[in-house]
Amino acid sequence: MSTWQEVLKQRSITSLEALAQRFGPEHFPPEHQERLRQAIDNFEFRISPPMVDLIQTPDDPIWRQYIPTIQELEVVDGIVDSLSEDRDSPVPNITHRYPDRALFLVSPVCASYCRFCTRRRKVGDPEKIPMSQFESAFVYLEAHREIRDVIMSGGDPLMLSDRRLELILARLRAIEHIEIIRIGSRIPCHLPERVTPELCAMLRRFHPLFINTHFNHPDELTPAAVEALGKLADAGIPLGCQTVLLKGVNDTPEIMLKLMQGLLKARVRPYYIYMADQVAGAEHFRTTVDTGLRIMKALRGWTSGLANPHFVIDAPGGGGKVPLQPEYVESFTEDEVVFRNFRGERYVYRQPRGPAPPRKHLSDPEYLFEAEPRKRKTPERDSA
Ligand code: SF4
């Protein structure tokens, strides 16, 4: 049986020629070739075998996520580092923005490269996530006792060998103040073969360890992917999913509902639905905030609360995640709150009687939590 490395090396598609051979040259006309090559020069191209096998027709939801297009060159208001992660990088491979957690980029590569990737400026380029510069990252993490949560990301951390991963995890676990470790990985979707019994046995030695995976369409929950997720769950690893709202991929309530329910069945708790970031080269994936709110309205009340993730915008410029909710409240006074439920039926909740303090606006400083006002930072984003 082939190893996961052999599967990836021997059966992935990595060139325009191989794409044309597999799906037909008519989808990659000569007049587009030069610009397509430019798109591939701008951002690495590889589609892993399971993703290749999932493509049914050109421009279907899987195709759209992985096949380069000339639209990637049409930059309107996209930003290269849309979340300003580099601004908050004190040493190579670390982004430290929020008081108690840090992002640690441990791998420059992924099994497949998603054309909408927020970190496309770095991912696929070993020079930009240097594997030789971990020491300064460990020294930084050791010195900053306020960091209790480290998010390993990249690229995809599960693309590292078991041995390398184990060395990193062991070093992190040796730092007393690091309470939890998270891994952001799209491997269960992109290359389920990678989730071997050996990997699971090794990972389970480093609890509390969480994995946030990334699925965008219900078709991605193949039997192999579900089996891989089951193995990780059996190793005691709590699994979450970060989904990106993508035009032409999952921007309907029906698809999103099916995905969220499918994830739960696969023992994965939907964690976030992100608005697609304003990243240069991926603007054709963006849809409206209103579309996202409509989807959230189709989930809340209509299916298990467990299948309702947070819907967030990662604020451009590094402002952190801001949750968005459909509007349920019609009016809000000192006496009562009037709202509608998920069916649109109107209800009234009476406020407690007696003198009540005047209602303050949410922007009032009283509503803001500032543990350390001077150091206030914004949340990190898992990758993959
Ligand atoms: S979204 Fe995740 S898996 Fe996809 S290319 Fe970016 S880092 Fe890799």
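**Sheet pairing and helix packing in the predicted model**

Strand β3, which spans residues 149-154, pairs with β4 in the parallel sense, and 4 bridges connect the two. Within this pairing, the bridge partner of Ile151 in β4 is Arg182.

Strand β6 is itself mostly covered, since 5 of its 7 residues count as buried. Between β6 and β7 the pairing is again in the parallel sense, with 6 bridges, and the bridge partner of Cys241 in β7 is Pro270.

These pairings belong to an open sheet of 9 strands, arranged in the order β1-β2-β3-β4-β5-β6-β7-β8-β9, in which the pairing as a whole is mixed. The edges of the sheet are formed by β1 (94-98) and β9 (320-323), each of which pairs on one side only. When direction is ignored, neighbouring strands of the sheet are turned by 30 degrees against each other on average. Helix α12 packs on the sheet, where it touches β6 (239-245), β7 (269-275) and β8 (310-315), and the direction of α12 makes about 155 degrees with that of β7.

Helix α12 (residues 289-299) also packs with helix α11 (residues 253-265), at an angle of about 55 degrees and with the two axes 9 Å apart. Because angles from 65 to 115 degrees count as roughly perpendicular and those under 35 degrees as roughly parallel, α11 and α12 are therefore oblique to each other. The crossing in which α11 passes α12 is right-handed. On the side of α11 the contact is made by Pro253, Met256, Leu257 and Met260, and on the side of α12 by Arg294, Ile295, Ala298 and Leu299. By residue class, the contact of α11 with α12 comprises 7 nonpolar residues, no polar residues and 1 charged residue.

Two loop positions were also examined. Gly301 lies in the loop between α12 and β8, and this residue is exposed, with 12 other C-beta atoms within 10 Å, a count that falls in the exposed class because that class takes in 12 or fewer. When residues up to four places away in sequence are not counted, Gly301 touches Asn341 and Phe342. Gly301 and Ala235 are 66 residues apart in sequence, and their C-alpha atoms are 32 Å apart in space.

Val75, in turn, is located in the loop between α5 (61-66) and β1. This residue has 13 other C-beta atoms within 10 Å and is partly exposed. With residues up to four places away in sequence again left out, the contacts of Val75 are with Ala280, Gly281 and Glu283. The C-alpha atom of Val75 is separated by 32 Å from that of Lys258, which lies 183 residues away along the chain.

Methods. Residues numbered from 1 in each chain as written. Predicted model: local features only at pLDDT ≥ 70, side-chain atom pairs only at ≥ 80, totals over all residues. Axes fitted to C-alpha atoms, helices over the stretch in contact; angles between N-to-C directions. Parallel < 35°, antiparallel > 145°, perpendicular 65-115°, else oblique. Left-handed = near helix turned anticlockwise from the far one by under 90°. Contact = placed C-beta atoms within 7 Å. Nonpolar A, V, L, I, M, F, W, Y, C, P; charged D, E, K, R; others polar. Pairing = 2+ DSSP bridges. Buried ≥ 20, exposed ≤ 12 C-beta atoms within 10 Å, placed from the backbone.
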